[in-house]
Amino acid sequence: MRVTRGYGMVVGLVAAGFGLAVSELLSGLFHHRVSPVTAVAESVIALAPGSVAEWVIGLVGQHDKQLVIGMTLLGLVVISAAVGALSLRSVWAAEGLFVLMGVVLVLAVHARLSTSSSTYIPAVAGVLAAMIALTVLATRATATATRQGEGTTPQPVTDAEPALSRRGFVMTAGVFAGAAVVAGAGGRLLGRSRRAVEAARGQLTLPPGRGLHPPVRGVKPPGVEVGVDGVAPWVTPQRTFYRIDTALAVPEILPGDWQLRVHGMVDREVTLTYQDLLDRGLRDAWVTLCCVSNPVGGGLIGNAHWSGVRIADILAEAGIHPDADAVLSTSADGWTAATPLGALTDGRNSMLAVAMNGEPLTSEHGFPVRMVVPGLYGYVSATKWVVDLEVTRFDDVSGYWTERGWSPRGPVKTESRIDVPDNQQRLAAGKIAIAGVAWAQHTGITGVEVRVDEGQWMQARLAADPTTDCWRQWVYTWDATPGEHQLQVRATDESGYTQTGEVADVVPDGATGWDTISVDVVHGDT
Ligand SMILES: Nc1nc2c(c(=O)[nH]1)N[C@H]1C(S)=C(S)[C@@H](COP(=O)(O)O)O[C@H]1N2
Ligand SMILES: [Mo]
């Protein structure tokens with residue numbers, strides 16, 4: 001029995017190590033901020049009670065993160081050795097435990113990484129790799145142990161076979177272990193530029209802002225929320241802020257290496273460093289950013305507190321030629337947007353932003369510097385990892401998405417969304433809050449109306465609106481009667497325009513139509 005358990009532990013350790021290495025490789029390849037195992041460690045730290053965390057930091061100082069990562073790995077070793085031992089009795093049970101570990105990894109990644117198309121790939125692929133390795137190795141080990149007469153159904157033993165199959169097992173395990181070392185090392189190598197950027201980001205201290213609104217950076221103004229559970233929070237945290245870009249791996253730029261070149265139809269070229277931006281003093285603004293690809297009722301919208309330098313000031317230093325009407329911005333990875341010059345110079349808070357919600361931008365949202373322009377969709381204005389501004393004419397240039405059929409100028413359309421109740425929700429008859437958000441950036445929302453079953457439009461109550469550049473929460477209290485009901489919303493903006501009910505697709509310049517849901521109201525409790 002001892003030999004069997006020994007084999008089993010090797011099976012578990014090699015399989016887990018192989019899976020771990022595959023996940024590290026993919027995290028490195030996608031330039032993720034952390035790998036799944038590190039995400040687990042970070043989750044442990046985040047979930048640990050403050051007193052425990054303080055005690056640990058008291059013991060090991062600033063090495064607390066390394067300590068927790070070490071403990072996580074140790075836990076992984078112990079668990080996978082046990083899973084391996086189990087695999088020789090029941091591969092299915094062992095695989096089941098690996099799946100469970102995979103669930104933990106995915107949850108940790110979900111909690112710690114911002115979502116993109118590749119967020120879960122390292123965790124999922126790592127677990128699949130570990131499961132495949134486990135099956136292959138467990139089969140070999142069982143065969144070996146069986147031939148040695150230790151299995152449940154002993155086979156006739158010949159002299160040659162045990163040594164042969166043992167060698168086969170050792171070689172297979174060796175191949176997986178070797179692949180793990182190569183993949184793991186590769187992952188660390190690929191991830192090193194991201195680690196350097198994260199370290200640099202962690203060391204930045206931003207100067208205090210001017211014209212803060214409200215005075216404390218990142219603290220939301222009073223009265224902006226209607227206080228209904230389920231409505232998108234007025235301030236969108238970085239991690240859950242939607243992300244749209246063409247970058248498979250986020251560009252990694254150290255602040256010290258960043259430069260912005262301003263050229264084209266200007267009197268004099270200007271080149272700025274990151275420090276030049278900070279030295280100018282940062283201006284702060286709340287701006288709601290949204291994507292032209294957001295369908296009616298969709299989530300490709302978020303509101304944040306941005307700190308940066310006004311683009312108008314930089315352009316004024318360069319001196320704009322009077323016949324220019326566009327600025328072509330280019331990112332470090334070659335993506336471009338052509339922005340109407342007017343939106344950058346008409347006094348609105350169009351910025352080269354260095355911070356989001358009071359912290360240096362995350363790499364996913366454009367570190368070290370991105371553009372933010374209130375009132376325009378992201379594809380014509382919100383260039384992340386921006387490194388070049390060319391003052392030019394719409395006649396001469398077009399941006400990445402405009403070349404692909406989207407409209408050149410991209411002003412945001414006035415829209416509204418129902419956040420609660422959920423579509424198809426079952427509700428108890430009586431008073432029910434219908435609530436959500438509405439936006440008309442840089443114009444401002446003046447009214448939101450709700451109607452039930454295509455009846456009269458009824459005015460919703462609006463939350464406070466510290467600036468026209470942000471979305472605005474609304475709530476309508478409905479006295480729900482039993483039955484199936486259809487709920488719709490429409491917004492009116494400061495220009496007097498009321499959102500059209502005509503349905504249009506997102507291409508080429510943004511969706512239109514009223515967000516519409518249906519609910520099932522029943523007597524008594526749901
Ligand atoms: N470099 C770069 N910047 C970009 C994009 C991109 O693909 N590459 N996408 C744009 C689009 S379409 C949108 S909607 C916003 C989204 O910004 P976010 O990912 O920070 O939410 O970024 C804009 N900036
Ligand atoms: Mo977008």
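Visitor: As what does Tyr 400 count, in terms of relative accessibility?

Guide: Tyr 400 counts as partly exposed, because its relative accessibility is 22%. The classes rest on relative accessible area, found with a 1.4 Å probe on protein chains only: under 20% is buried, over 50% is exposed, and partly exposed lies in between. This is a predicted model, in which local features need pLDDT of at least 70 and side-chain atom pairs count only at pLDDT 80 or more, while totals for chains, interfaces and linings use all residues. Residues are numbered from 1 along each chain as its sequence is written, chains are lettered from A and ligands numbered from 1 in the order in which they are written, and side-chain values use heavy atoms, without hydrogens and water.

Visitor: How many aromatic pairs are there by the rule?

Guide: The rule takes the rings of Phe, Tyr and Trp (for Trp, the six-membered ring) and pairs them if their centres lie within 6.5 Å; planes under 30 degrees apart are stacked, over 60 edge-to-face, and the rest tilted. The count comes to nine aromatic pairs. Phe 18 and Phe 176 have ring centres 4.9 Å apart and planes at 70°, so this pair is edge-to-face. The pair links distant parts of the chain, with Phe 18 in helix H1 (residues 2-29) and Phe 176 in helix H7 (residues 160-190), 158 residues apart. Helices (H or I, at least four residues) and strands (E, at least two) are DSSP runs, numbered from the N terminus. Phe 18 counts as buried because its relative accessibility is 16%, and Phe 176 is buried with a relative accessible area of 15%.

Visitor: Which kind of aromatic pair do Trp 335 and Tyr 400 form?

Guide: Trp 335 and Tyr 400 form a tilted pair, at 6.5 Å centre to centre with 35° between the planes. This pair also links distant parts of the chain: Trp 335 is in the loop between strand S6 (326-331) and strand S7 (336-340), and Tyr 400 is in the loop between strand S11 (386-392) and strand S12 (415-420), 65 residues apart. Trp 335 has a relative accessibility of 12% and therefore counts as buried. Elsewhere, ring pairs link Phe 241, Tyr 242 and Trp 306 into a cluster.

Visitor: What sits over the ring of Tyr 400?

Guide: A charge sits over a ring if NZ of Lys or CZ of Arg is within 6 Å of the ring centre and within 35 degrees of the ring normal. Over the ring of Tyr 400 sits the charged end of Arg 404, 3.6 Å from the ring centre. Likewise, Arg 409 lies over the face of Phe 394, 4.0 Å from the ring centre.

Visitor: In what order do the five strands of the open sheet run?

Guide: Strands of a sheet pair through backbone hydrogen bonds, either parallel or antiparallel. Here, two strands pair if DSSP finds at least two bridges between them. The open sheet has the order S3-S2-S11-S6-S7, with mixed pairing. Its edge strands are strand S3 (270-273) and S7, each of which pairs on one side only. S6 and S11 pair in the antiparallel sense over six bridges; among the partners, Thr 330 is bridged to Asp 388 in S11.

Visitor: How many residues surround ligand 1, and which are the closest?

Guide: A residue is near a molecule or strand if one of its heavy atoms lies within 4 Å of it. Ligand 1 is surrounded by 19 residues, the closest being Tyr 242, Thr 246, His 365, Arg 370 and Lys 384. A polar side-chain atom of Arg 370 lies 2.6 Å from an oxygen atom of the ligand. A polar backbone atom of Ile 244 is 3.0 Å from an oxygen atom of ligand 1, and a polar side-chain atom of Ser 331 lies 3.3 Å from a nitrogen atom of ligand 1.

Visitor: Where are the cis peptide bonds that join Phe 367 to Pro 368 and Val 507 to Pro 508?

Guide: Most residues other than glycine have a negative phi, and most peptide bonds are trans. The cis bond between Phe 367 and Pro 368 has an omega of about 5°, and Pro 368 is in the loop between strand S9 (359-360) and strand S10 (370-372). For Val 507 and Pro 508 omega is about 0°, and Pro 508 is in the loop between strand S19 (483-493) and strand S20 (516-522).

Visitor: What is the phi of Trp 385?

Guide: Trp 385 has a positive phi of about 50°, although it is not a glycine. Trp 385 is in the loop between S10 and S11 and is buried, with a relative accessible area of 2%.

Technical notes
A polar contact is a pair of N or O atoms within 3.5 Å; within protein, one must be able to donate a hydrogen and the other to accept it, and residues adjacent in sequence count only if both atoms are side-chain atoms.
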